[in-house]
Amino acid sequence: MSEDYLARIGTLIRDARRHKSMTQNELALALGTSQSAVARIEQGKQNLSLEMLARIGECLDSEFVSLGHSGAQHLRIVGGTKLSGAIDVKTSKNAAVALLCASLLNRGRTTLRNLARIEEVNRILEVLTSIGVKARWLPDSNDLELVPPARLDLAGIDVDAARRTRTVIMFLGPLLHEYPEFQLPYAGGCDLGTRTVEPHMSALRPFGLNVTAHSGFYEARVDGDVTPGRPIVLTERGDTVTENALLAAARHEGVTVIRNASPNYMVQDLCFFLEKLGVRIEGIGSTTLTVHGRREIDMDVEYSPSEDPIEAMSLLAAAVVTESEITIRRVPIEFLEIELAQLELMGMKYDITQEYRSANGHTRLVDLTTIPGPLVAPTDKIHPMPFPGLNIDNLPFFAIIAACAEGTTMIHDWVYENRAIYLTELTKVGARVQLLDPHRVMIEGPTRWRATEVICPPALRPAVVILLAMLAAPGTSVLRNVYVINRGYEELAERLNALGATIETFRDI
Ligand SMILES: CC(=O)N[C@H]1[C@@H](OP(=O)(O)OP(=O)(O)OC[C@H]2O[C@@H](n3ccc(=O)[nH]c3=O)[C@H](O)[C@@H]2O)O[C@H](CO)[C@@H](O)[C@@H]1O
Ligand SMILES: C=C(OP(=O)(O)O)C(=O)O
């Protein structure tokens, strides 16, 4: 076995042992070996026979090693217990990815403080470093420093990493000022059905960008003589479309007006960051943005993105489904107000503190304590809207909350082709979910959650919803292939464990 494998297995064994609250001595006794041998195994310094691996697996009650697959991560959840205590909401995935793309506008050093350490960020970092950006995490922190090269090596782009996220599409806005011709791999990401690209193209055409698609790549050509003479009217109030237009406008020397802009949280974070880069923006938080761009941006800048409203909603749903009182700290209240109003209609009670500011100096935060109690189904269907509206990414959490409420709830996901379909996976954990058509599900509660084994659907929020149901289901459940969850949440299992959940991580090797 290679040293790399041995080290990885060693770490898995150590984690599984700690999860069972066993000492190295106790494991050694159970295996009939010495404590020093266990220490060597955990450090990856001991060759292991298959038989020994199987015995360790038995002692730790953990099939953390399952041969024949390639490194997929899974969770084992012992559910049915209540959560308690307090948890901090981390900064958002969606702001992080926008800011990473925005760092390409700046020739100087960009430091992003307290960034979420999630797989989506890792993928974009792989892409950025493949084209020559120097990126490093500052010691003992979630602070990331980025310094671009004088010239990006676009031909060297890590195509595999780029195809695993949709974010690469947001390279178009920053790149079009510097590179008259370039190629980018098609955007990928969660499988939520076809997602639009055309609105990005029409938002960027006024900056001279023309894109054709050829065998898996966007071929971009930029006509430097074309500049936006009129307001850019977005055909969809999309978040990343608005961000792409902002990224292009930031280095357009002159004034760009963007109408039907999304005022959502990640767009606001991007605006605040661009302002730090010296780009003046009027109308932040509204649907008309007036951007005073700068031809050159070359400065050392720091920014802290704000807290993730979708993570806050996920934690709220965890409290509801496990009937727990927990305190969720650092909730970006402006972006959760409608969700809370909807929950109040369903009978949910909670306490909130006075508001305070996020580290970006703008976003309003509160600490929210959930008060367990019975819920009833709402009279009307629950459906999302562009901000200010119930966030589309929060809709799946209403499915699981509806499953806890007395009565029948209709959930209408008009936005994504596939997301509502994945909610039917909740039937595996005991929910009564009926698919009416590809966009609407009817959910009948309350639910007696049932422990089981499920493979994550290929979509972030529906996968988290299953995890939360498993927290509520008495007994042991297994959730397989949780990469999709790690794409958007930092150490979710560990943080839920700190609230009293019992979730063990194991991997194929
Ligand atoms: C990195 C990031 O920030 N991702 C978010 C962003 O993705 P992103 O901005 O990429 O979302 P899309 O552009 O894919 O839009 C989502 C869907 O909504 C439709 N649509 C959107 C706006 C509108 O006014 N009309 C309309 O029909 C689009 O056609 C598409 O089918 O916004 C989505 C919708 O909030 C969120 O789920 C994603 O988490
Ligand atoms: C759909 C989502 O994000 P993305 O745009 O990264 O796929 C999400 O965050 O739920």
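**Exercise 1. Is Asn260 buried, exposed or partly exposed, and why?**

Solution. This is a predicted model: local features need pLDDT of at least 70, side-chain atom pairs count only at pLDDT 80 or more, and totals for chains, interfaces and linings use all residues. Residues are numbered from 1 along each chain as its sequence is written, while chains are lettered from A and ligands numbered from 1 in the order in which they are written.

Step 1: take the rule. A residue is buried if 20 or more other C-beta atoms lie within 10 Å of its own, exposed if 12 or fewer, and partly exposed in between, with C-beta atoms placed from the backbone.
Step 2: apply the rule. Asn260 has 18 C-beta neighbours inside 10 Å, so Asn260 counts as partly exposed.
Step 3: Asn260 sits in the loop between strand E11 (255–259) and helix H11 (265–276). Helices (H or I, at least four residues) and strands (E, at least two) are DSSP runs, numbered from the N terminus.
Step 4: check the backbone. Asn260 is not glycine, yet its phi is positive, near 55 degrees. Most residues other than glycine have a negative phi.

**Exercise 2. Classify Glu323 and describe its backbone.**

Solution. Step 1: count. Glu323 has 14 C-beta neighbours inside 10 Å, so Glu323 counts as partly exposed.
Step 1: locate. Glu323 belongs to the loop between helix H12 (309–321) and strand E15 (325–332).
Step 2: read phi. The value for Glu323 is positive, near 50 degrees.

**Exercise 3. Find two cis peptide bonds and their loops.**

Solution. Step 1: recall the background. Most peptide bonds are trans.
Step 1: take Phe387 to Pro388. This bond is cis, with omega near 0 degrees. Pro388 is in the loop between strand E18 (364–371) and helix H14 (395–404).
Step 2: take Gly445 and Pro446. Their bond is cis, and omega is about -5 degrees. The loop holding Pro446 runs between strand E21 (440–445) and strand E22 (453–455).

**Exercise 4. Describe the shell around ligand 1.**

Solution. Step 1: list the nearest residues. The shell has 17 residues, of which Asn94, Arg195, Glu236, Arg237 and Thr240 come nearest. Near means that the C-beta atom, placed from the backbone, lies within 6 Å.
Step 1: sort by type. Six are nonpolar, five polar and six charged. Here Ala, Val, Leu, Ile, Met, Phe, Trp, Tyr, Cys and Pro count as nonpolar, Asp, Glu, Lys and Arg as charged, and the others, Gly among them, as polar.
Step 2: assign elements. Helices H5 (93–102) and H10 (239–250) each supply at least two residues. The largest share, three residues, comes from H10.
Step 3: assign domains. Domain 2 (75–90 + 307–508) and domain 3 (93–303) both give residues to the shell, so ligand 1 lies between them. Domain bounds come from an automatic or database domain assignment.
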